[in-house]
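Student: I would like to learn how to read contacts between side chains. Could you take me through them one at a time?

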Amino acid sequence: MNDTEDRFLTTPAGLRLCYRLDGPEDGVPLLLIAGLGLDLTSWPRPMVDAFTGNGFRVVRPDNRDIGRSDRMRTPPPGLLRQALARPRPDAYDLADMAEDTRHLLDHLGIERAHLVGMSMGGMIAQTLAARHPHRVTTLTSVFSTTGSRKVGQPALSTLVRMARRLARTPEESVTRHLALLAHIGSRVFPPDEARERAWAGAVWERGRDPEGVARQIGAIQASGDRAAELRRITAPTVVVHGTRDPMVHPSGGRATAAVPGARHVEITGMGHHLAPGVLDRLVGLTTDLARGHGAAVTRTRTGEAA
């Protein structure tokens, strides 16, 4: 079953969060946590369908400050603060975002779930796994990092692109997205341009918020170096990174693999994007990890029936 309905919960702190559910109601819970400035629709539909075909009940939230989840009322950090990695004193952090995720699990009556997080979503998933180990069955961390300023840093060329004037129209937003994707993506695993164009147009209407993205950057910076915390993770973990990632340098993935017992997988030529050519590999790694730790799941390829 595919459910395109936006659903909502309100956390004990009064924060309204949006989420969607896909797959069989009795499926194995799998939580997909999106990255910086990305809403729940950023997970490619073939990837979601492959997970549900493998027997997972897929949960996709909008993180706070993006999509249809609530915007925070604190001012966003300016470009200078972002450049100097000096978050505002009133910034929220990744632990706060991990708590949002825990409240979502509580709301859905899910005691334990398999987690997949990409980029900032990987950081949120890592934090949840470290602080609430009894809620996490397995962890798949995709092109993410530890928060150390010595690893995983974006290329200067990427920072320059991210600092440009914000898009003011849907058309300009689509153009900017395709240009950034050409930079952080991969020629080995090219994007589906039609899909990306359609997504960028739709996400503008659904709730992309430049101030929210800046606050999310502040959350990453406010969390500092989490390497010591990652060493407390007990969930079976696979760390996936591309060898060609100008957004999060591959050193970030190598450092994340310090999670005890983690498997580290570098995909040659992969950039900072869930391109069609890498989806089967990512679904397979997550499914095999879950199946190896008690989950009754099958394994199918993207686009194929279960």
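Tutor: Gladly! Let's begin with a charge over a ring: NZ of Lys or CZ of Arg within 6 Å of the ring centre and within 35 degrees of the ring normal. Here the charged end of Arg64 is placed over the Tyr92 ring, 4.7 Å from the ring's centre. In another case, Arg16 lies over the face of Phe8, 3.7 Å from the ring centre. This is a predicted model, where local features need pLDDT of at least 70 and side-chain atom pairs count only at pLDDT 80 or more, while totals for chains, interfaces and linings use all residues. Residues are numbered from 1 along each chain as its sequence is written, and side-chain values use heavy atoms, leaving out hydrogens and water.

Student: How many aromatic pairs does a search of the whole structure find?

Tutor: Rings of Phe, Tyr and Trp (its six-membered ring) pair if their centres lie within 6.5 Å; planes under 30 degrees apart are stacked, over 60 edge-to-face, and the rest tilted. The search finds one such pair. Phe51 and Phe56 form it edge-to-face, with 5.7 Å from centre to centre and 85° between the planes.

Student: Are Phe51 and Phe56 buried or exposed?

Tutor: Both are buried. Buried means under 20% relative accessible area, exposed over 50%, and partly exposed in between (1.4 Å probe, protein chains only).

Student: How many salt bridges does the structure hold?

Tutor: A salt bridge is a side-chain nitrogen of Lys or Arg within 4 Å of a carboxyl oxygen of Asp or Glu. The structure holds 22. One of them joins Asp6 to Arg68, with the closest N and O atoms 3.1 Å apart. Asp6 lies in the segment before β1 (7-10) and Arg68 in the loop between β4 (56-61) and α2 (79-84), so this pair ties together parts 62 residues apart in sequence. For helices (H or I, at least four residues) and strands (E, at least two), the names follow DSSP runs numbered from the N terminus.

Student: What about the accessibility of Asp6 and Arg68?

Tutor: Asp6 counts as buried, at 16% relative accessibility, whereas Arg68 is partly exposed at 41%.

Student: Where do Asp49 and Arg45 lie?

Tutor: Both are in helix α1 (residues 45-53), four residues apart, or about one turn of the helix. Asp49 is partly exposed at 29% relative accessibility, and Arg45 is partly exposed at 30%. Elsewhere, Glu229 and Arg232 form a salt bridge at 3.4 Å, N to O.
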